Amino acid sequence: MKLDRKEILKALGTISVAGEGKNMVESGIVQNVMSFGDEVVVDLVMQTPALHIKKRAEVDVMKAIHEHVNQKAKVKVNIKVEAADKKPEIKGKAIPGISNIIAVASGKGGVGKSTVTANLAVTLSKMGFRVGILDADIYGPSIPMMFDVEAERPLSVNVDGKSKMKPVENYGVKVLSIGFFTKPNQAVIWRGPMAAKALNQMIFDAAWGELDFLLVDLPPGTGDIHLSIMQSLPITGSVVVSTPQNVALADAKKGVAMFRQESINVPVLGIVENMAYFTPEELPENKYYIFGKEGAKNLSKDIDAPFLGEIPLVQSLRESGDIGRPAALQESTPLETAFQNITREMVQETVNRNKSLPPTEAIKITTMAGCSAVKQK
């Protein structure tokens, strides 16, 4: 049994709360809805501490979902009480209509960062979220191949009298990549300013529409592209991908340190361990820890960052990326379950971050050294 997030929100729209003139969804009381199989988790934020009102809201949510969605659904309601307060404005160039911008990074190349990004996006879409991917890996764009849209090209559309790029869409995910504008065998040989300009065009000259999540697939390392992205956008949070081996963990640690620098200050939502162990198809119960065991999990404890989960090294994961059909689309498989769990943790960390921290500002460069892409005033 699968529950549709849109149907759940529609059901919650039939509920009103004492003291509110609008329904539970319109008034902003519903902060988040997650559905996994027959389970539903609803997060509510209310302004009244009155126990009877909170209890009534919990009962109403359960009743609405059972009556309008599925009577066998397992419903959990989390209620947080907050005093009415005006939320701080996001500074920097926010993209209208995009709620959360998540940067997916890795300190080292070859750890499966783009594979993780593609499967996170597909899983979010399957959960009912509106999702987009900005492929910011200028020198090695692989997202078009992973979504089987290499031959596609963004169309030009008119938005409020301005010409905008319409992202290419597949599997419910909107995609923009520099790969759409270069030939398959053409190398992108650009200096920092040219790369930054191309990224800004894909960010701000695109008709993304309404998105719950925009995932930004960053290049490996910590360099000019990362700085340009965080200079341009108020990043909600970051996800760092690593394998368990020490060489990758050392670079992942540097990636986390980059986001945590005082001048950048982007919350780290968590660590994902890719290639955690090898499982042969004919022996699905066997686990071989080729690159070490629980390295990224231990790193997350050392640096006090959430551990989002682990992904096994299986042949179908590689094959699915090569043929342009992300593994998370495979129903009832260990890979689908792994990505569901990781995505669920990422969404929850995003909700926690948005409750406890003000919106991230686009960073301000305090020195022009090495930043020739930035226009001096």
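Colleague: Which two strands form a hairpin with 2 residues between them?

Modeller: In this predicted model, the hairpin is made by β6 and β7, and Asp160, which sits in the turn, has a positive phi of about 55°. The two strands, β6 covering residues 155–159 and β7 covering residues 162–166, pair in the antiparallel sense over 5 bridges.

Colleague: And what stands opposite Lys162 of β7?

Modeller: That is Val159.

Colleague: Switching to β11, is it mostly covered or mostly open?

Modeller: Strand β11, residues 237–242, is mostly covered, with 6 of its 6 residues buried.

Colleague: Which strands does β11 pair with?

Modeller: Strand β4, residues 98–105, pairs with β11 in the parallel sense over 4 bridges, and Ile102 has Gly237 of β11 as its bridge partner. Strand β12, residues 268–273, also pairs with β11 in the parallel sense, over 5 bridges, and there Ser242 has Glu273 as its bridge partner.

Colleague: New topic: how many salt bridges does the structure hold?

Modeller: It holds 8 salt bridges, and one of them joins the side chains of Arg344 and Glu39, at 3.9 Å from N to O. Because Arg344 lies in helix α10 (residues 334–356) and Glu39 in strand β2 (residues 39–46), this pair ties together parts that are 305 residues apart in sequence.

Colleague: How exposed are Arg344 and Glu39?

Modeller: Arg344 counts as partly exposed at 26% relative accessibility, and Glu39 counts as partly exposed at 34%.

Colleague: What does Glu336 meet in a salt bridge?

Modeller: The side chain of Glu336 meets that of Lys126, at 2.7 Å from N to O. This pair links distant parts of the chain, with Glu336 in helix α10 and Lys126 in helix α3 (residues 113–126), 210 residues apart. Glu336 counts as buried because its relative accessibility is 5%, and the cut-off is under 20%, whereas Lys126, at 35%, counts as partly exposed.

Colleague: And where do Arg318 and Asp322 sit?

Modeller: Both are in helix α9 (residues 315–323), and because they are 4 residues apart there, about one helical turn separates them. Arg318 is partly exposed, with a relative accessible area of 48%, and Asp322 counts as partly exposed at 44% relative accessibility.

Notes
Residues are numbered from 1 along each chain as its sequence is written. This is a predicted model: local features need pLDDT of at least 70, side-chain atom pairs count only at pLDDT 80 or more; totals for chains, interfaces and linings use all residues. Side-chain values use heavy atoms; hydrogens and water are left out. Buried means under 20% relative accessible area, exposed over 50%, partly exposed in between (1.4 Å probe, protein chains only). Two strands pair if DSSP finds at least two bridges between them. A salt bridge is a side-chain nitrogen of Lys or Arg within 4 Å of a carboxyl oxygen of Asp or Glu.
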